[in-house]
Amino acid sequence: MALEIIESCVNCWACAPLCPNQAIYEAAPPHFPHFLIDADKCTECVGDFADAQCVAICPIEGAILDELGVEMNPPGSLTGIPPERWAAAQAEIAAR
Amino acid sequence: MELPVIAQEAPKAGGCSAGSCGSSATQMNGMSDEIRVRVQDHPCYSEDAHHYFARMHVAVAPACNIQCHYCNRKYDCANESRPGVVSELLTPDQAVKKTLAVAATIPQMTVLGIAGPGDPLANPERTFETFRQLAAKAPDIKLCVSTNGLALPDHVEELAKHNIDHVTITINCVDPDVGAKIYPWIFWKNKRIHGREAAAILIERQQQGLEMLVAKGILVKVNSVLIPGVNDEHLKEVSKIVKAKGAFLHNVMPLIAEAGHGTFYGIMGQRSPNPAELKNLQDACEGDMNMMRHCRQCRADAVGLLGEDRGDEFTMDKIEAMEIDYEAAMAVRAELRAKVTAELDAKRQKAKAAHAPAAPQVVQFMPHPQKLALAGPRSGIPGRQSPARRVLMAVAGKGGLVAVHFGHAKEFLVYEASAAGAKFVGHRKAEQYCAGDETCGDGESVLDRTIKALDGCEVVLCSKIGFEPWGNLEAAGIAPNGEHAMEPIEEAVMAVWHEMLAAGKLEPKPSTAKCA
């Protein structure tokens, strides 16, 4: 049972100090600059907090996955921007 | 040191030696002498200081504990200039090194702020380690911090300990229903809290933090982002409340929202306020509060005078190569500060002696060049002194003079001319359409955008202007004028106004006022 931080992490440092297991670390190149989770240490905060702390503070949708690869903060859940609206805006910008 | 009271008196010399400003003597209206002395060499708080003194931000604080709808944590673009954007995140040690390097290279640099790119107080170790080292190594630098306020009450003691005497709190609302439209979530007591509940907690913490800081004698400036249709009317109440609680300055800034920035407001099509809306709101708040008028909405890693950014000269690789003798630098800095202070004193005395007409200084921000729909020439304070129309004029100025070629102007200073005199009302950014061979292919559209940015102005004063833009400006109803090259801006503006008056061009004609 462990969470995973993927490359969309923006390296904001918010999660690292919150981890009760010190499982979050700054990746070395080539993964730098972003953070990673040591799967051996991660407990998903069970027993410490009601919510996984990294998931609860991460500002980036989709940057943290559970062990099944499911996005813990799915698109739209943090920004409030409906995913289709985001896609439409990106398409419009790309077409400029 | 005794500072003459300059409020109520228009500054004698207009313009801005930094080439960019929002000069407002009355910005410091109503400040106690004690506060005035404390902020007089702070470029962000003191109107005339910003021509002489520089500031820098060090980006040591990446984490944030809330989300705002005008912020996108993904972006760190070198070409973007707005709060929350940085190019290079620094460790406290690097930040200290950079600060000393900048202070030694730019002796005018008097103020070091930590403003992000996240919330400085959501990164307390990094923020306070930076302050701790700087207080010891560079005691001649003033330290400031800005915060969203959520963690503020927990850190007031520590802030006081490090001798931080200015704190900026961003307060966009005092009503949770309004806040729910601005803040989608906060991280609070180990949970992510959404919506109205989140806003209520944030507001309570901001107000508590404000009260605690004031009780400690720490100066508090309040920043508010003006979001049309969301908190515009509400900010009048915010202004009243924060003033009553002891904030010394209120800085209402225009929302920056573009789809390309990837923010909620940008993507959802929330518009930015136009200059008229901003000015009206600031005027409405001004009765209650000192309003800040020359904010340039800097990046969280900006370096230099307001309106310029010399960050590129101080990237970490360049700093590593610098040899810094801070003892020697401090002597140079002290000397320069004494010289500038003497110069400012002389200027203030001169302004006091001049007894210029007490034209209220009204300055509006320049939000987004692309979206400008300018205030009409009649948008000032109505019907005083003369029936002759007020006229907005754009000036390509530098050092207080009409000194810049139209095509080279990075921004235009906008003055409102009337029988009462020339009054600075804001600045409009312009793209330089004449930037050399490489960009000439795009010249026409850039010129068009610049002309659009000047909408509402009837005259543009510059040192020189090319044939093509001359024609385009005239076609857009803006009279180009290159006859006052190198003259003091305010004199030139008034000379043109009197010419228009003599030519019978200033009869009131409300139907032609272009209101946004």
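Student: Before anything else, what is a salt bridge here?

Tutor: A salt bridge is a side-chain nitrogen of Lys or Arg within 4 Å of a carboxyl oxygen of Asp or Glu. Keep in mind that this is a predicted model.

Student: OK. How far apart are the closest N and O atoms of B:Asp177 and B:Arg196?

Tutor: They are 2.7 Å apart, and the two residues form a salt bridge.

Student: Where do the two partners sit?

Tutor: B:Asp177 is in helix H5, residues 176–179, and B:Arg196 is in helix H6. The pair therefore ties together parts of chain B that are 19 residues apart in sequence.

Student: Is B:Asp177 buried, exposed or partly exposed?

Tutor: Partly exposed, at 43% relative accessibility. B:Arg196 is partly exposed too, at 45%.

Student: Why do such side chains pair at all?

Tutor: Side chains of opposite charge can pair when their charged atoms come close.

Student: How many salt bridges over all chains?

Tutor: The count comes to 16.

Student: Which residue does B:Glu320 pair with?

Tutor: B:Lys97, with the closest N and O atoms 3.1 Å apart. This pair links distant parts of the chain, 223 residues apart. B:Glu320 belongs to helix H10, residues 316–320, and B:Lys97 to helix H2, residues 92–105.

Student: And how accessible is B:Glu320?

Tutor: B:Glu320 has 46% relative accessibility, so it counts as partly exposed. B:Lys97 is partly exposed as well, at 36%.

Student: What about B:Glu157, who is its partner?

Tutor: B:Lys216, in a salt bridge with closest N and O atoms 3.0 Å apart. B:Glu157 lies in helix H4, residues 152–161. B:Lys216 is in the loop between helix H6 (195–215) and strand E8 (219–226). So the pair joins parts 59 residues apart in sequence.

Student: Is B:Glu157 buried or exposed?

Tutor: Exposed, with a relative accessible area of 54%. The cut-off for that is over 50%. B:Lys216, at 40%, counts as partly exposed.

Student: Which residues are linked in a network of salt bridges?

Tutor: B:Glu129, B:Arg132, B:Glu158 and B:Lys161.

Student: Switching topic. How many helices and strands in chain B?

Tutor: Chain B has 14 helices and 15 strands.

Student: What share of its residues is buried?

Tutor: Of the 516 residues in chain B, 58% are buried.

Student: Last one: what share of contacts joins residues at least 24 apart?

Tutor: In chain B it is 74%, among contacts between residues at least 6 apart in sequence.

Terms used:
Residues are numbered from 1 along each chain as its sequence is written. Chains are lettered from A and ligands numbered from 1 in the order in which they are written. This is a predicted model: local features need pLDDT of at least 70, side-chain atom pairs count only at pLDDT 80 or more; totals for chains, interfaces and linings use all residues. Side-chain values use heavy atoms; hydrogens and water are left out. Helices (H or I, at least four residues) and strands (E, at least two) are DSSP runs, numbered from the N terminus. Buried means under 20% relative accessible area, exposed over 50%, partly exposed in between (1.4 Å probe, protein chains only). Contact means heavy atoms within 4.5 Å.
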